[in-house]
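Me: I have a two-chain model here and would like to go through it with you. Could we start as soon as it is on screen?

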Amino acid sequence: MEDTINNILRDKQDIKNQLGDFQNVLPVIKRFSTTIDIKQYIHVIEENQLNDSMIWGHSSNGVWGQSKWGDRRTSNGEFTVLPRNNTFIEYFAFDRFIDMTNSTGTLDTANEKYTLDSGEELVSNIVTKLRRPIYNVTFIEHPDLRDTGTGMVLGELQLGTTTFGDDNVQLYMSNDSGTNWYAVDEGEKFTFPTSSDNDELKYKIKGEVEITHPIYIKVNS
Amino acid sequence: MAIPTIGKNKIRDLISSSVDYIIMGTNGDDFDVSDTGVKAPVNDTKNNVVITKTNKSFQTQATVLSTQGNGNTLKEVGVYFDDDVILDRFVIPDLVKTDQIEVVNIAISRIN
């Protein structure tokens, strides 16, 4: 909107400038501009323990004759750092945060959508692990649709009370990596019954639906 | 006026082709738009990135090896262009770097 208003004002000024010489031909000037948004939307840190490996110069792992030639990575302490606004975003452009083994729908990264037929579900991988408690989460409407008056909309995915196809679409969240799932409603903050420094956030969607817009999950708001 | 996907992917290519390295640091101050780089860089955590591209997005990945950055409590990460201008700085939970661990940094960027 700001771009459009600025363009109109500049067009008006250009026309004034041209007419200052009383030209017989009225010039028509039209400007075009748009906004490009570049965002770094997720950061993942993998802290790999190297407990049984050969490290030159190390006090124990660099000593000849000791059993330090085994598996290099003995644990993977992956954690996810949320961007500045504490919001995880799934664009469906990568499969990194989707549990492709346990999800039964279809991911289309080229068109950035996920399709669930009747009885299918989308299960995420761990989308957020902060090394501090995850107290609450809120699913957020897609910003582009906030002014359309369509109400309970998450992109084109409608949650909770709205029926698509044969199934009620339902959204679930877990802060213990899927051990316990809790049904939540879009746009409403959900507080987990328990939380700890080891919290690992996952989400799950069941229903017959085509998800064609990003999912936003706000954490600890 | 809008930019079609092919145009956004061209912009993605132009940006990602200049992204060069990641460096970690020990300053945990919050991000600020006036940041000009990692605030307390640990120079030997500097590693070149591997770029993976997908639709309107690209992933940068770099690994701090077991021999790098040891003895530091790492709190920040910076992604840099090849002319040493920073693309992104972000703060992470404290990570005490020893020779027993390696750290893989992954940052995903998107053109909207």
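Me: Which residues does Val219(A) touch, leaving out its close sequence neighbours?
Reply: This is a predicted model. In it, beyond four places in sequence, Val219(A) touches Leu82(A), Asn86(A), Phe88(A), Thr128(A), Ile134(A), Val137(A) and Leu201(A).

Me: And how many residues has the largest nonpolar core?
Reply: That core has 53 residues. Ile217(A) and Val219(A) are the ones with the most contacts inside it.

Me: Which strand gives the most to this core?
Reply: Strand E7 of chain B, residues 101–111, gives the most, with five residues.

Me: Turning to the interface, how many residues of each chain are in contact there?
Reply: On the chain B side there are 29 residues, and they are in contact with 32 residues of chain A.

Me: How many bridges join strand E1 of chain A to E7(B), and do they run parallel or antiparallel?
Reply: Eleven bridges join them, and the two strands run antiparallel. Strand E1 of chain A covers residues 38–49.

Me: Which residue of E7(B) is the bridge partner of Ile38(A)?
Reply: The partner of Ile38(A) is Ile111(B).

Me: Now chain B as a whole. What are its elements, and in which order do they run?
Reply: Chain B has one helix and seven strands. From the N terminus on, the order is α-β-β-β-β-β-β-β.

Me: What does its C-alpha trace span, and what share of the chain counts as buried?
Reply: Along its principal axes, the C-alpha trace of chain B spans about 50 × 25 × 25 Å. Of its 112 residues, 38% count as buried.

Me: What share of the contacts in chain B with a separation of 6 or more comes from residues 24 or more positions apart?
Reply: Such residues account for 66% of those contacts.

Me: Last topic, confidence. What is the mean pLDDT of chain A?
Reply: The mean for chain A is 73, and 65% of its residues reach 70 or more.

Me: Where in chain A does pLDDT stay under 50?
Reply: It stays under 50 over residues 143–167 of chain A. For that stretch the model has 51 contacts beyond four places in sequence.

Methods:
Residues numbered from 1 in each chain as written. Chains lettered and ligands numbered in written order. Predicted model: local features only at pLDDT ≥ 70, side-chain atom pairs only at ≥ 80, totals over all residues. Core = buried A, V, L, I, M, F, W, Y, C linked by C-beta atoms within 7 Å. Buried ≥ 20, exposed ≤ 12 C-beta atoms within 10 Å, placed from the backbone. Helix = DSSP H or I, 4+ residues; strand = E, 2+ residues; numbered from the N terminus. Contact = placed C-beta atoms within 7 Å. Pairing = 2+ DSSP bridges. pLDDT = per-residue confidence, 0-100.
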